[in-house]
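This report looks at aromatic ring contacts and a nonpolar surface patch. The structure is shown below.

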Amino acid sequence: GGPRTLRWYQRRVRGPPTMQHAHLIAAAAILAIAMSAPTQSCKVALWESGVSTRFDETVAHAIHSITLNDLRKFNPRVPTANGVPTVNRAIALSPKDRVVRDAPEVTLPEDFTTHAMRLFDNTLAHATDRSDGLGDNWNTLERVAHMLHMNDLWARVGQEYPTIQNVSDAGCACITDTGVNGIEARLLWIAEQYTHDTPISLHEWGTKIPKLTLSTWPEWKKRLAYYYDTPSLKDAAVYLHCALRRF
């Protein structure tokens, strides 16, 4: 299948990524996405569950940097072995597994009182130690913007989450089968991009996003808000509903 194609390329390309390697792996990621598609029965079940036709893209964006801490805001009983894949937080170190099978727990510093300040403190503390899942290409301001954006997005998804009901077992089985339905391939694409770029969406904008400054913030704001539409938020809510309802 698609993800297996990409993993084959990963095994062939060892060591720190060169631009040639990056282009090769990016091509493999595109091929993997193209080869990942729901079966006909899953297409029906997914349609009945109410997700959009681009759910693989919208869900991958929503979970690409999610942690166990974040999942427990949706369901406090979620365990360490949660089955929600995400980009390896050590992606800058060229790990064997660029996507991990379980969203990891992150220990936040407790020198401040509010959750927002603890997140801010944690982001700055790890901005240069290659452990925040973004690779080496983001400056500190961009890392803070990404962290705040994802937490804001999860808050929006959290508003949709309680409204998700009556998703069939078949629908949940299809949307959580990330190795087949294209979500894992999308996550792998993000992981590969992080080795040499700073993408903030999977949408093809036609140009790379500029470095974040006061003058480029309007463009960043437009691109950060791309997945705030109702179908994208619902896709993420349905996925999380299905992924976490067994706990």
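Helices are DSSP runs of H or I with at least four residues, numbered from the N terminus. F120 is placed in helix α6. The model is a predicted one. With a relative accessible area of 33%, F120 is partly exposed. Together with F112, M117 and L124, F120 makes a nonpolar surface patch of about 320 Å².

A pair of aromatic rings is described by the distance of the centres and the angle of the planes. Searching the whole structure gives 5 aromatic pairs. Two of them are listed here.

| Pair | Centre to centre | Angle between planes | Geometry |
|---|---|---|---|
| W138 and W220 | 6.4 Å | 75° | edge-to-face |
| W205 and Y226 | 5.4 Å | 70° | edge-to-face |

W138 sits in the loop between α6 (115-125) and α7 (140-160), while W220 belongs to helix α11 (residues 217-224), so this pair ties together parts that are 82 residues apart in sequence. Both W138 and W220 are buried. One aromatic cluster is formed by W138, Y194 and W220.

For W205 and Y226, planes over 60 degrees apart count as edge-to-face, and the angle of 70° therefore gives that class. This pair also links distant parts of the chain, 21 residues apart: W205 is in the loop between α10 (183-194) and α11, and Y226 is in the loop between α11 and α12 (230-244).

Methods
Residues are numbered from 1 along each chain as its sequence is written. This is a predicted model: local features need pLDDT of at least 70, side-chain atom pairs count only at pLDDT 80 or more; totals for chains, interfaces and linings use all residues. Side-chain values use heavy atoms; hydrogens and water are left out. Rings of Phe, Tyr and Trp (its six-membered ring) pair if their centres lie within 6.5 Å; planes under 30 degrees apart count as stacked, over 60 as edge-to-face and the rest as tilted. Helices (H or I, at least four residues) and strands (E, at least two) are DSSP runs, numbered from the N terminus. Buried means under 20% relative accessible area, exposed over 50%, partly exposed in between (1.4 Å probe, protein chains only). Patches are made of residues with over 30% relative accessible area and no salt bridge: like charges are joined within 9 Å, nonpolar side chains (Val, Leu, Ile, Met, Phe, Trp, Tyr) within 5 Å. Accessible areas come from the Shrake-Rupley method with a 1.4 Å probe; for residues, only the protein chains shown count as cover. A salt bridge is a side-chain nitrogen of Lys or Arg within 4 Å of a carboxyl oxygen of Asp or Glu.
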